[in-house]
Amino acid sequence: MKISGAEILVECLKKEGVKHIFGYPGGVVLNIFDVLYDEKDLQLILTRHEQGAIHAADGYARASGKVGVAIVTSGPGATNTVTGIATASMDSIPLVVFSGQVPTLLIGNDAFQEADIVGITRPCTKHNYLVKDIKDLAQTVREAFYIASTGRPGPVLIDLPKDVTAGMSDFVWPQEVKIRSYNPTYHGNKYMINQAAQMIAHSKKPVIMAGGGVILSGASKELRELAEFAKIPVTMTLMGLGGFPGTHKLSMGMLGMHGTYYANTAVQNSDLLMGIGVRFDDRVTGKTEAFASHAKIMQIDIDPTSIKKNVRVDLPVVGDVKNVLRDLLKTLKEIKEQQWGAVRSAWLKQVERWKEERPLTYRFDKNIIKPEFVVEKIYEVTKGEAIICTEVGQNQMWSAQFFKYDHPRRFLSSGGLGTMGYGFPAAIGAQLACPDKIVIDIAGDGSIQMNIQELATAVINKLPVKVAILNNGYLGMVRQWQELFFKERYSHTHLESGNPDFVKVAEAYGAVGLRATKPEEVEPVLKEALKVKNRPVFMDFVVDWKEKVFPMVPAGAAIDQMIFDEEKEEKKLKAVK
Amino acid sequence: MRHTISVLVENKFGVLSRISGLFSGRGYNIESLSVGETIDPAVSIMTIVTTGEDLVIEQITKQLNKLIDVIKVVDFLEIDHVEREMILVKVAPRKEDKPEVLQLAEIFRGRIVDSGQTTYTIEITGEEKKISAFIDLIKPFGIKEFVRTGKVALAREGTRKGK
């Protein structure tokens with residue numbers, strides 16, 4: 001029996017187990033939306049902007065581990081997805097994005113709402129397709145989901161000309177998918193794993209640096225077993241937060257530009273650095289020549305291009321992190337009986353001393369809300385059991401520093417691309433994927449305005465997403481740089497005078513708006529917000545605009561050349577005197 | 001170091017731009033590129049000549065391998081191989097120079113594939129050295145037009161060199 005291309009598409013999505021799609025209709029995808037109109041098993045979430053749809057699909061994918069799906073129309077609908085696709089691509093998030101396209105006969109004619117989206121997204125997708133024949137449709141969808149979710153995951157785009165979704169054909173679901181030119185390496189080379197085990201056994205001062213790969217491969221358990229067995233302290237990249245429990249004794253928190261003193265110092269003093277599912281991004285390494293210069297560097301990653309891309313690597317192991325860690329632990333246990341506790345005790349004590357020397361702190365003020373205080377309170381009130389989304393900038397760094405993530409898929413943040421406007425739609429996606437969890441977007445007053453229209457999406461779908469706006473009236477991170485490196489010339493970073501009343505904005509959309517201007521109001525506002533179960537809540541926390549994120553590694557410096565809060569330092573010096 | 005890299009790809013539309021985009025997006029230069037179908041029409045082979053530090057070339061070959069449509073990548077630097085390039089050159093020598101031009105073509109085992117009132121079009125095939133030697137010699141006679149295919153290469157049978 002022949003069915004339409006749009007029906008084939010929807011059948012394919014059902015076969016792939018898709019439950020939620022994020023999207024926005026338009027001329028050339030009308031056929032698809034018409035089929036979705038009667039569909040019971042597939043829910044389309046109408047966002048208010050295509051960028052919101054992609055970020056929501058991304059948040060859905062990060063929170064659930066499933067492939068996020070979005071459907072948009074051609075031309076502007078498709079180009080609006082580019083930021084979201086690039087965000088997912090940089091962070092290796094599995095998405096399948098369907099864009100409508102003008103009919104095949106019109107492609108290349110500058111038709112109404114035509115854009116060469118396959119060309120535009122080529123560098124920011126893992127792969128993309130233009131379906132020119134309805135007979136290829138099912139196969140293409142199958143391949144797209146397979147490619148997006150396997151190997152190093154990533155976004156895949158399928159461009160669907162209108163005549164393909166409107167045309168008629170038989171539906172044949174390909175039972176299996178095999179692409180001869182796509183064969184990711186899932187198991188680490190035995191020899192390399194043996195070498196790795198030897199390296200660990202011989203090292204006195206090892207450090208594990210865990211990244212997003214740990215979370216993507218579901219290797220948290222394996223990582224924890226390895227770290228606990230061989231007594232290795234663990235630091236995480238922004239993308240790796242939650243991959244290892246933040247409250248664990250071996251955790252040193254995040255490293256890098258705004259990493260902890262102890263994590264950065266430990267990396268710089270280590271004799272073995274194990275990069276697990278990381279790509280040694282410049283925000284982590286600082287000056288690469290001075291990065292972990294006393295250490296042998298081991299790198300475990302499924303993507304060979306990640307290896308040796310940014311830093312020298314003494315021992316590469318290509319493979320799925322989960323498999324490699326499992327094999328590595330097994331090999332390590334077979335090596336002669338090591339008294340790991342005795343071997344590592346000096347090193348672990350040293351790490352403890354560093355932790356005591358300079359813990360992550362901020363100065364509490366009883367008159368004005370410190371943004372760190374808000375994040376800390378969120379942690380307290382939720383008992384650490386929340387999915388935290390962030391925007392980009394100071395809000396992101398404080399969320400990374402002052403909330404301890406004990407589980408994977410609980411910290412959703414645009415790490416690679418650094419996309420402002422990511423957090424709120426991502427929170428919407430996460431809330432749909434995890435209806436029973438508390439989902440909080442920690443935002444800034446700048447970032448939230450980049451996708452504030454998604455309030456409508458959250459309200460209409462009765463999603464109790466909470467947004468904690470750390471409202472300092474500035475583009476805080478840029479302002480911080482201007483204060484420290486540009487003689488306090490705050491060029492175009494002041495937002496306060498143009499900011500709306502966020503409480504009224506929330507209320508205008510039918511959401512709940514709350515505000516705190518004094519420290520003692522923070523907790524009541526949070527508790528009030530958590531009581532709301534059927535609507536989104538905006539919490540406007542009017543915070544100290546002068547507050548900066550510390551420690552900080554200036555651009556181009558080595559990661560142990562950190563600057564700290566000067567006033568606090570002065571106090572400390574006085575105390576010493 | 002100069003590398004000749006052979007890339008076996010699925011013969012699909014858009015593959016060339018994926019590969020050229022990979023180079024341009026990272027600021028790598030392609031010195032020459034030749035593309036053609038293999039015996040299997042579903043597969044094409046590209047021969048790319050590029051220059052870069054070892055780390056850059058390693059990144060290039062890995063990135064090429066990562067492209068979904070790429071089946072196989074071979075860097076000929078480590079492999080004993082034969083390589084050839086063909087040029088067509090249209091020269092317009094003075095009347096008295098014509099015999100010398102013909103002689104040169106013969107020495108280089110070239111063929112005259114077209115001749116006009118005042119021009120010869122010469123076809124030369126060979127390795128890079130031979131091609132550039134011929135160009136150097138023919139230049140003084142006045143090159144009107146010039147085109148080259150870009151290099152193609154194949155590994156020699158059973159003589160794989162170690163790294």
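Student: Where in chain A is the place of A:P551?
Tutor: A:P551 sits in the loop between β20 (537-542) and α23 (566-576) of chain A. Those labels are DSSP runs numbered from the N terminus: helices are H or I with at least four residues, strands are E with at least two. The peptide bond leading from A:F550 into A:P551 is cis, with omega near -5°.

Student: What sort of model is this, and how are things numbered?
Tutor: It's a predicted model, where local features need pLDDT of at least 70 and side-chain atom pairs count only at pLDDT 80 or more, while totals for chains, interfaces and linings use all residues. Residues are numbered from 1 along each chain as its sequence is written, chains are lettered from A and ligands numbered from 1 in the order in which they are written, and side-chain values use heavy atoms, leaving out hydrogens and water.

Student: Which residues of helix α1 of chain A are buried?
Tutor: In α1 (residues 5-15), they are A:G5, A:A6, A:I8, A:L9, A:V10, A:C12 and A:L13. Just after that helix, A:G17 takes a positive phi of about 80°.

Student: How do you know what A:D303 forms with B:K66?
Tutor: The rule for a salt bridge wants a side-chain nitrogen of Lys or Arg within 4 Å of a carboxyl oxygen of Asp or Glu. The closest N and O atoms of A:D303 and B:K66 are 2.8 Å apart, and the pair forms a salt bridge. Between chain A and chain B the count is 3 salt bridges.

Student: What makes a residue part of the contact between the chains?
Tutor: Contact means heavy atoms within 4.5 Å. Chain A brings 18 residues to it and chain B 19 residues. The area buried there is about 1500 Å², with carbon and sulfur atoms giving 51%; buried area is the accessible area (1.4 Å probe) that two parts lose on being put together, summed over both.

Student: How is chain A divided into domains?
Tutor: The bounds come from an automatic or database domain assignment: domain 1 (2-170), domain 2 (190-357) and domain 3 (371-542). The C-alpha centres of domain 1 and domain 3 of chain A lie 29 Å apart.

Student: How many residues of domain 1 of chain A are in contact with domain 3 of chain A?
Tutor: In domain 1 of chain A there are 25, meeting 25 residues of domain 3. Together these two domains of chain A bury about 1900 Å², 65% of it on carbon and sulfur atoms. In domain 1 of chain A, A:R48, A:R62 and A:A63 lose the most area to domain 3, together 30% of what that side buries. Across this interface of domain 1 and domain 3 of chain A, the rule finds 0 salt bridges.

Note on methods:
Buried < 20%, exposed > 50% of the residue type's maximum accessible area, 1.4 Å probe, protein only.
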